[in-house]
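Visitor: Could you show me how to read a few features of a structure, giving the general idea before each case?

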Amino acid sequence: MASSSEIGLAAALNILTAFAFLVAFAILRIQPLNDRVYFPKWYLKGLRNNPLQSGAFVQKFVNLDFRSYLRFLNWMPAALHMPEPELIDHAGLDSVVYLRIYLTGLKIFVPIACLAFTVMVPVNVTNRTLEQSKLTYTGIDKLSISNIPMGSNRFWTHLVMAYAFTFWTCYILKREYEIIASMRLHFITSEQRRPDQFTVLVRNVPPDPDETVNELVEHFFLVNHPEHYLSHQVVYNANSLSKMVNEKKTKQNWLDYYQLKYNRNNQSKRPSVKTGYLGLFGKRVDAIDYYQSEIDKLSEEICKEREKITTSSKYVMPAAFVSFKTRWGAAVCAQTEQSRNPTIWLTEWAPEPRDVYWDNLAIPFVSLTVRRLIIAVAFFFLTFFFMIPIAFVQSLANIDGIVKVAPFMRGIMEVKFITSFVQGVLPGIALKIFLIILPSILMMMSKFEGFTSISALERRSATRYYIFQFINVFLGSIITGTAFQQLNNFIHQSANEIPVTIGASIPMKATFFITYIMVDGWAGVAGEILRIKPLIFYHLKNFLLVKTEKDREEAMDPGSLSFNTGEPQIQLYFLLGLVYAVVTPILLPFIVVFFGLAYVVYRHQIINVYNQQYESAGAFWPDVHGRIITALIVSQLLLMGLLSTKEAAQSTPLLIVLPVLTIWFHLFCKGRFEPAFVRYPLQEAMMKDTLERAREPCLNVKDYLENAYVHPVFNNENKWDVSDDGVSDEEWPKEPTLVATKRSSRTTTPARSQRSESTRTLLCVTDERSCP
C-alpha cells in the first residue's frame, strides 16, 4: 500500500501534469492556427471568423500579442460567466444537466468533507490501535476508522455522521431532481417545434395476407386515430445499402486525396496504388483512375439496390414512424395500448431524427429478447473474467509481491523514488489503460441488443459500464487488494480473525483509490481540455486533404459528450466519496478537487467545443439519481459490516434503518419526479398545440414532417421517398374520407386475417365495398 510520502509524490506528479496540460492548453488555444480545434462550436454556429484570413503572414499562425500570454487562465472565469438559461439555448438541456452532475457532487461533498475533517478525523487519529496491531499500515491509515479500538464508544460518532451524510445527500438529490424535472418540462414547453413531438414509432405490426405493411399501418391509424393521424413512413431494411453508401464515401475520400496530391505537386507522374489488401499487395495501378472506376461501379450498385429495396415488400420491416396532426394526438398514441393483444402494435415516442440508430430498425422485434439474453450472458462473463487483470494491477501496488515474482528487480525496488512511483502512481495508470477499450466493447454489445436510438444505446452502455466498474474497479480492487496486502496475516492467523483483518484492511484501500482519482480525475480531466488527439488529426487533415473552406470545416471534429463513458466514471467518484466519507475521510478532498476541476473544464468544452448529436431533454437524469442512491446504500451496508467486525454490533439495529429510509426516499422521488422524464403531460401538449395554432394558423404540419424520418441513404442520395407499393407521398390524399382496402370477401381469403374483428367491422362501416 502507498504511504503518505508516496501519496505526496503521486499528488505532486499529477498536479504538475495537470498544470502542464492547462498551461499548454492556454498557449495553444490563443494561436490562430489552432482556432478551429478549440472553438469549433462557434464556427458551426457561424459566429466566429477564421483568424488566418487577416493580418500579417506570421500573425496568421502565431499570436504575437504577449499580453495575452499573461492572461492564460482567463478561460476559467469565462467558462463560468455564461448563465444557465443562455447555456441551455447555446448547448441544449442535455449538456446543462450533464454539468449539474458535477455541481451535485460539489454540493454533496464540500459540506461532508468539512464536517468529516472537523469531527471524524480527530476522533480517528487520537488512537493507537494500528500501532499496537500486527497489520501493515501507513500514516494515512491512522486517519481512518481502522485506528479505532474494538468495541469503542467512539463508533457512535461514525454512526451519527452516517445519518448526517445520508440526510444531506438525500436533501441535495431531491432538490436537484426537482430543479431538473422543472427545467425539462419548461424546456419541452418553450422549445421550438420538433418532428419527434408529433411522431410515434410503431413496432411489431402484425402480418396480414391481404395488405402490405404500408396499407396496414395507414388503415389501422385512420380507424383508431381518425381525428389525429396524419401520415406515416414505413421502415426499410436498408443496412446493405447503407454499407454501400459508406464504402462509396470512403473511396471518394481516397479519390479526393490523390487528386489533391497530384494537383499540389504539379508533377507529370500521377499517383499509383496497389489494388490488394490495404494497398500492400496486388497490381499497381493509377490511383485516380482506379478509385474513379470503383466509385462508378458502386454508384451503379447503389442505384440497383435502392430500386430493389423500394419495390420489394421483403425489405419492408413490420415497423413505421407514424406522424400526427397534433402533439396531443401523438402523446395519446405513444402512452396508451393500441390493441387487445399487448404484443402487437407497440408504440413509443419516436427519437428525434438525429437520435435514430437506423441499423437497428431492421432487426425483427421477436429476435430482440434472444439478443438481450445472449448479451446478458456475455456481459456476465466479461465482468467476472476481467477480475484477472484487475488482480494483476493490484499486485503492482505490493513491492513484496513484485520481488517474489521477479527477484532480479530487488535492487531496483529498493530505490525510494521507484518504490514511491510503483505504489503511488503505477496502479492507477495501469487500471486506466485496462479500461480504455472497455466502452467500445460495451457499445457494440448495446448495438447488438437492438436499441433504436443513440441515446438509448448510450444509456444502456452507461449502465453496464457502471456495473462493471462497481464489480471490478471497486469491489475487485478492495477484495484483491486486501488479499495482497494482508497475505501474511491471512496465512498465519486463525479463521475467526480473518473477518477482523478484512474489516481493518478495507479502509486502508483508500490509498489506492486516491492515486486512481489523481491519475484519472486530475490529470485525465486536464488532458481532456488539451484535446491532443483532435489537435493532431486536424492538422494532419489540414495539411494533406484540405483545399477549400468546406474541406476545412469537415476536418474540424468538435466531438460530443460521451455520456456512455463520462457519466459512469462520475458515478464511480460518487461511490468512492460516499463509501469512504465515514470510513476514511482523507479521500474526500481529492474527490472535491475532481468535481471542481471537471465542472470548470467541461463547462468550457460545452460552450466552445462539443456539438451534441441529439437532444433528449435530460432523459438520463433518473439513471444518475438511481446510481447515486445505489452508492449511498452500498456505503451504509459496508459500514454496517465493518462495524460488526469491530465488535460494535449494538449499532447495527440503528444502521439498518438507513438503507430502509434511503430506499423509501428513492421510491418517493421515482413516483414524484420520474413521470416527467418518461411521459409527456397531455395538458402541456394541448397548451403547446393551442399556442401554435394561434401563432401559425396556416402551418402545414404534413409538409414539415414529410422527410423527417426518411432513411438517410434515401434522403441524402436521391432526395425522394417511395412507399412499398410504389405510391409517393405527394400522391396520398391530404384528408382521406374513406379507408380503401384490398381485402376480398372472407370466402375467398386464403387465410384468416390476423387483425381484430372490431377493426375489420370499423373498416366495413367506413368502406362497405370491401365487406362480404
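Visitor: How should I read accessibility, and is Asp289 buried, partly exposed or exposed?

Guide: Buried means under 20% relative accessible area, exposed means over 50%, and partly exposed lies in between (1.4 Å probe, protein chains only). Asp289 has 47% relative accessibility, so it counts as partly exposed, and Arg270, at 33%, therefore counts as partly exposed too. This is a predicted model in which local features need pLDDT of at least 70 and side-chain atom pairs count only at pLDDT 80 or more, while totals for chains, interfaces and linings use all residues. Residues are numbered from 1 along each chain as its sequence is written, and side-chain values use heavy atoms, with hydrogens and water left out.

Visitor: What joins the side chains of Arg270 and Asp289?

Guide: Side chains of opposite charge can pair when their charged atoms come close. A salt bridge here is a side-chain nitrogen of Lys or Arg within 4 Å of a carboxyl oxygen of Asp or Glu. Arg270 and Asp289 form one, at 3.3 Å from N to O. This pair, 19 residues apart, links the loop between α10 and β3, which holds Arg270, to helix α11, which holds Asp289.

Visitor: How many salt bridges does the structure hold?

Guide: There are 18. One of them joins Glu692 and Arg193, with the closest N and O atoms 2.7 Å apart, and these two partners, in helix α31 and in the loop between α8 and β1, are 499 residues apart. Glu692 has 12% relative accessibility and so counts as buried, whereas Arg193, at 23%, counts as partly exposed.

Methods: Helices (H or I, at least four residues) and strands (E, at least two) are DSSP runs, numbered from the N terminus.
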